[in-house]
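Here are my notes on the model you sent. They are set out as numbered points, to be read beside the structure.

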Amino acid sequence: MKLENIKSNMKPTIVLGVICLVSALLLALVNVITGPIIAANQNAAANEALLEVLPDGKNFEEIELGDKYPKAITKGYKADGGYVFQATVTGKSSGLVIMCGINSDGKVVGTKVIAEQETDSYDVNVFPYVEGLDGEYKDQTLEGFTPYLVSGATLTSAAYSEAIKASLQAAAIAGGADVDTRTPEQILQDSCNEALGTTGLSFTKWFRVEVIEGVDAVYESTEGRVYVIGEAFVGVKAGSVVGTDISAEDSAAALAADGIIEASVLTKITDPDLIGALDEKKFVEAYSSASGNYVIVTNGDGYGMKGPSKYYPSRKPIVVKVSIDSNGRIIDTMVVSEHETADIGGLLLNNSEFIDSFDNKTKEDYSTVEGSSGATMTANGYKDAIAAAFAAYELLTGGN
Amino acid sequence: MTNNKKLAILLRGIIQDNPVLILILGTCPTLATTTSVISALSMGIAATLVLVCSNVVISALRKIIPDTVRIPCYIVIIAVFVTVVQMLLQAFLPSIYDMLGVYLALIVVNCIILGRAEMFARKNTVLDSALDGVGMGIGFLVALVAMATVREVIGNGSFAGFEIPFLASFKIPVLTQAPGGFLVYGLVIALMNKITEKRGGVKRKSFSCEGCPSSHICNKTSCSEMLELTMVESENTETKEVEENGN
C-alpha cells in the first residue's frame with residue numbers, strides 16, 4: 001500500500017520535473033540565439049539617448065564612477081568625441097535627472113532632461129531655454145561657467161546649472177584633471193576643521209556684537225573658534241592658537257579678537273519704562289554690552305505679512321537681529337526667522353551678499369542697499385526690521 | 001466527412017465560439033491592446049502562436065501528464081512559449097515588444113490559452129488541437145483588429161498609425177481610453193449576438209460547465225441547476241435553525 005502511494009506520488013513529480021527541465025533547456029537555447037541580439041538592441045537604444053546630447057560621439061563606454069566624481073553624477077560615458085554624464089539634482093522637487101554631453105575640448109554640446117517632477121508650470125518653462133543642442137549652456141566650459149538663472153524659477157534653474165557644472169567637473173576629472181568638487185560651504189567647513197585640528201565638526205558664523213579690527217569673519221564650534229584673517233584660517237582653542245604655520249601677526253590678531261569675544265557679555269534690557277516706550281508690534285527684545293553696543297531683535301513686514309492672504313493666512317514677519325555700535329553704525333545683521341516664498345524671498349534672505357551689505361551702514365544710508373528683482377517686498381521687509389531696530393536704538397540710548 | 005469535421009473545428013473559433021466576443025475570454029489584453037490596430041494585430045499573432053504551440057504540445061503529452069498536476073504542467077508549457085515569443089520579439093521586433101509591454105508576458109495567464117488546453121487539447125488529437133488553436137487564434141485576432149479599427153479610426157482619426165485626413169479633425173478621444181474600450185467591446189458583442197441570433201444563438205450554458213475547473217467532479221448539467229440546489233439547501237438550513245431556536 002505504501003509502495004503504491006509512493007508510486008502514485010512519484011509519477012506526477014517526475015513528469016512535472018521533466019517538463020520543467022525540457023522547458024529550461026529550450027529557453028536556454030532560445031536565449032543563446034536571441035541574447036546577443038537583445039543586448040545589441042539595448043546598447044543601440046541607450047546610445048540613441050547619448051547621441052542626442054553628443055551627436056559626434058562614437059563607441060560609448062560606461063565610466064566607473066568613484067568618490068572623486070561629484071555626488072550629483074549618477075552615470076557617465078566616455079566616447080571617442082567626448083563624454084556624456086547624467087546628473088541627479090533637486091530643483092523644486094527631487095529627482096531632476098539631466099544628461100549633458102561634453103566634447104573633447106571640455107565644452108558643453110547638448111543637454112537633455114531625462115526625468116523631472118517640477119510641478120510648477122513656470123519652473124518647467126525653463127527647460128526649452130536650456131535643453132537641446134543650442135540651449136543657453138552650449139559651449140560653456142568649467143573655467144568660465146556661468147549659471148543661467150531665471151527669476152521666479154530659481155530653484156529649477158539653479159538645479160539645472162548645478163547638474164551642468166557637475167557634468168563639466170566630471171568630464172575634467174575623467175580627463176585626468178584634479179578638480180575640487182566641494183561646494184563653497186563644504187570648503188569653508190573643511191577649512192575651519194583643518195584650522196582647529198578637528199574633523200567633522202560643524203561651524204556656524206558668529207554674530208558680531210563687538211567691532212573687531214583686522215578679522216574678516218569668526219566661526220564657532222563646540223571645540224573653539226576659527227578667525228578668518230585675509231586668506232588665513234586661524235583656530236583658537238581654550239585661549240591658544242592651534243597650528244604652527246600661522247604668522248605671529250595673524251596669531252596676535254586672532255588672540256586679541258578671542259579676548260574681546262570672551263569678555264563680551266550681553267545684558268538683556270528689561271526696564272519696563274524703556275521697553276514700554278517701544279513699538280510692541282515691531283520690537284522683540286534687546287541687549288546691551290559693556291562696550292556700549294546694542295543687539296536689537298525686531299520684526300519686519302515682508303511678503304509673509306503683505307503678500308496675498310490666501311497664501312499667507314498666518315501673517316508672519318521677518319525677524320531680524322541687528323547689532324549697532326555706540327556710534328550708531330550697524331556691526332552685523334542676521335535673519336532669526338522668516339516665512340517668505342522659499343525660492344524667491346527665501347533665497348534673498350539666504351544670500352550672504354545681501355545680508356552683509358548692511359554692515360557699517362547707519363540710519364541715514366541703510367536704505368540704499370539694493371534688493372533683488374522679484375523679491376522687492378522681502379528686501380523692504382528686511383529694511384523695515386532694520387528701521388525698527390534704529391528706532392529702538394534711539395529710544396534705548398535716549399535719543400543719542 | 002472527416003475533413004468537414006476538421007474544418008468545423010477550425011471555423012468554430014472564428015464566429016460560433018469566438019473567444020473574445022462569445023466566450024468573453026481574454027478581456028484584459030483585448031481592452032488594453034485595442035487602442036491601435038498595430039498593437040492589436042501584434043497581440044493577436046503572438047497569442048495565436050502561443051495558442052497553437054501550447055495546444056499541440058499539451059495534446060501530444062495528454063496521455064503522459066497526470067491529472068493531478070495537469071494545470072501546473074499547462075502553465076509551464078504556456079509560459080515557455082510565451083517567453084520564447086517574448087525573446088524573439090525583443091530580439092527581432094523591439095518596437096512591437098515595447099508596444100505590447102506587460103501584456104505580452106500576461107499571455108501566460110490568458111484565459112483563452114489555458115481554457116483551450118483544459119477544454120480541448122487534453123481531450124483531442126494533436127492535429128485537431130492545432131486546428132482548434134489556429135481557429136481560436138484567428139477568432140481572437142479578428143475580434144481584436146475589429147475593435148482596434150473602431151477605436152483607432154474614430155478615437156484617434158488614424159488607421160495603423162496613418163492619419164485619416166477628414167476623421168483626424170473629428171476624433172472622439174474617449175474611445176482610445178478605458179471607458180471607450182468597454183463601450184466598443186459592448187457594442188461589438190451586441191453586434192455578434194445579433195449575427196449569431198439568426199443562426200439559433202449561442203449555447204452559453206454548455207460552455208459554462210465545460211470550462212469550469214470543477215466540471216469533472218460536478219455531475220450537474222448546468223450551474224443554474226447547481227445554484228437552485230444550493231438555494232434550496234440554504235432555505236432548508238435556515239428553516240431548521242428557526243425551528244431549533246423556537247424550541
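1. Chain B has 247 residues, and 36% of them are buried. Buried means 20 or more other C-beta atoms within 10 Å of the residue's own, with 12 or fewer counting as exposed, anything in between as partly exposed, and C-beta atoms placed from the backbone. This is a predicted model: local features need pLDDT of at least 70, side-chain atom pairs count only at pLDDT 80 or more, and totals for chains, interfaces and linings use all residues. Residues are numbered from 1 along each chain as its sequence is written, while chains are lettered from A and ligands numbered from 1 in the order in which they are written.

2. Chain B holds 11 helices and 2 strands. Both are DSSP runs numbered from the N terminus: helices are H or I with at least four residues, strands E with at least two. The order from the N terminus is α-α-α-α-α-α-α-α-β-β-α-α-α.

3. Take contacts in chain B between residues at least 6 apart in sequence: 72% join residues at least 24 apart. A contact requires C-beta atoms, placed from the backbone, within 7 Å.

4. The largest nonpolar core has 52 residues. Such a core is a set of buried Ala, Val, Leu, Ile, Met, Phe, Trp, Tyr and Cys residues joined through C-beta atoms within 7 Å. B:Phe81, B:Phe140 and B:Leu144 are among those with the most contacts inside it. H3 (37–60), H4 (70–92), H5 (94–100), H6 (102–105), H7 (111–121), H8 and H9 of chain B each supply at least two residues of this core. H3(B) gives the most, 11 residues.

5. Look at B:Leu144. Leaving aside neighbours within four places in sequence, its contacts are B:Thr30, B:Thr33, B:Thr34, B:Ala40, B:Met43 and B:Gly44.

6. How do H8 and H9 of chain B cross? The axes of H8 (residues 126–156) and H9 (residues 178–197) come within 10 Å and cross at roughly 130°. H8(B) is therefore oblique to H9(B). Axes are lines fitted to C-alpha atoms, for helices over the stretch in contact, with angles from 0 to 180 degrees between N-to-C directions. Under 35 degrees is roughly parallel, over 145 roughly antiparallel, 65 to 115 roughly perpendicular, and the rest oblique.

7. Residues of H8(B) that meet H9(B) include B:Ala146, B:Met147 and B:Val150. On the H9(B) side, B:Gly180, B:Gly181 and B:Val184 are among the partners.

8. Between the chains, 15 residues of chain A are in contact with 17 residues of chain B.

Technical notes. Contact = placed C-beta atoms within 7 Å.
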